[in-house]
Amino acid sequence: MTLDDLDRGDPSQRGPLRPSWCYGTPGLTRAQQLTALALGDTTRQRLAESAIVACLNDPTQIGQLADRSLCHGTAGLLTTARRIAVDALTPIPLAPLQRLHQQAPGAAGEPAGFLDGTSGAALATFETTETSWDACLLLC
């Protein structure tokens, strides 16, 4: 919400944004989950985890992913969801999301960069949380 939205008492955004780690449901979910873990607040944790499950099952949100990038694509969603799943109170199925990332087309001439390129997309394919390469994304 913006300050104008608060002043009006009405949000201008009518639905979820693209499910990205930096501002979308996945990033907000992970922030809430980490807060809940720090506070020992299982109610907050369950609410956060239900938000990511709803996001993963929402064709409108998933349909907004345009590429394989970490910042706004399938790699970012997969990486964030994987971190959320590790700490989740109940299992979160990631296989459909892993398939989505594997099947997402790479853009012709895609840069080799970390956030918006092939490097970040490749890192997301590693099915491990044993490393903390994603600490720079504030996910762990």
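**Entry 1: salt bridges**

I started with Arg14, which forms a salt bridge with Asp10, the closest N and O atoms being 2.9 Å apart. My working rule for a salt bridge is a side-chain nitrogen of Lys or Arg within 4 Å of a carboxyl oxygen of Asp or Glu. Before going on, I noted that this is a predicted model, where local features need pLDDT of at least 70 and side-chain atom pairs count only at pLDDT 80 or more, while totals for chains, interfaces and linings use all residues. I also wrote down that residues are numbered from 1 along each chain as its sequence is written, and that side-chain values use heavy atoms, with hydrogens and water left out.

Next I looked up how covered the two partners are. The cut-offs for relative accessible area are under 20% for buried, over 50% for exposed, and in between for partly exposed (1.4 Å probe, protein chains only). Arg14 is exposed at 63%, and Asp10 is partly exposed at 33%.

How many salt bridges does the structure hold? I found five. One of them joins the side chains of Arg30 and Asp87, at 2.8 Å from N to O. This pair links distant parts of the chain, 57 residues apart, with Arg30 in helix 2 and Asp87 in helix 5. I take helices from DSSP runs (H or I, at least four residues), numbered from the N terminus. Arg30 is buried at 3% relative accessibility, whereas Asp87 is partly exposed at 28%.

Another salt bridge is between Arg44 and Asp41, with the closest N and O atoms 3.7 Å apart. Both are partly exposed, Arg44 at 30% and Asp41 at 27%. Asp41 turned up again at the start of helix 3, where one of its side-chain oxygens reaches to within 3.2 Å of the backbone nitrogen of Thr43.

Which residues of helix 3 are buried? They are Gln45, Ala48, Glu49, Ile52, Cys55 and Leu56. They sit on the same side of helix 3 because they cover an arc of only 115° around the axis, going by the directions from the helix axis to the C-beta atoms. An α-helix has 3.6 residues a turn, so residues three or four places apart point the same way. On the other side of helix 3, I found Thr43 and Leu47 exposed.

The buried residues of helix 3 pack against helix 2 (25–39), helix 4 (59–62), helix 5 (74–87) and helix 6 (95–103). Contact here means heavy atoms within 4.5 Å.

**Entry 2: helix 5**

I then turned to helix 5, which is mostly covered, with 11 of its 14 residues buried. Among them are Thr74, Gly76, Leu78, Arg82 and Ile84. The buried residues of helix 5 pack against helix 2, helix 3, helix 4, helix 6 and helix 7 (118–123). Its end C-alpha atoms are 20 Å apart, which agrees with the 20 Å that its residues should span.

**Entry 3: cysteines**

Last, I looked for disulfides (cysteine sulfur atoms within 2.5 Å of each other). The count comes to zero. The sulfur of Cys136 is 8.6 Å from the closest cysteine sulfur, in Cys140, and that is too far for a bond. Cys136 is exposed at 52%, and Cys140 is partly exposed at 46%.

Methods:
Helices (H or I, at least four residues) and strands (E, at least two) are DSSP runs, numbered from the N terminus. A polar contact is a pair of N or O atoms within 3.5 Å; within protein, one must be able to donate a hydrogen and the other to accept it, and residues adjacent in sequence count only if both atoms are side-chain atoms. The expected span of a helix is 1.5 Å times one less than its number of residues.
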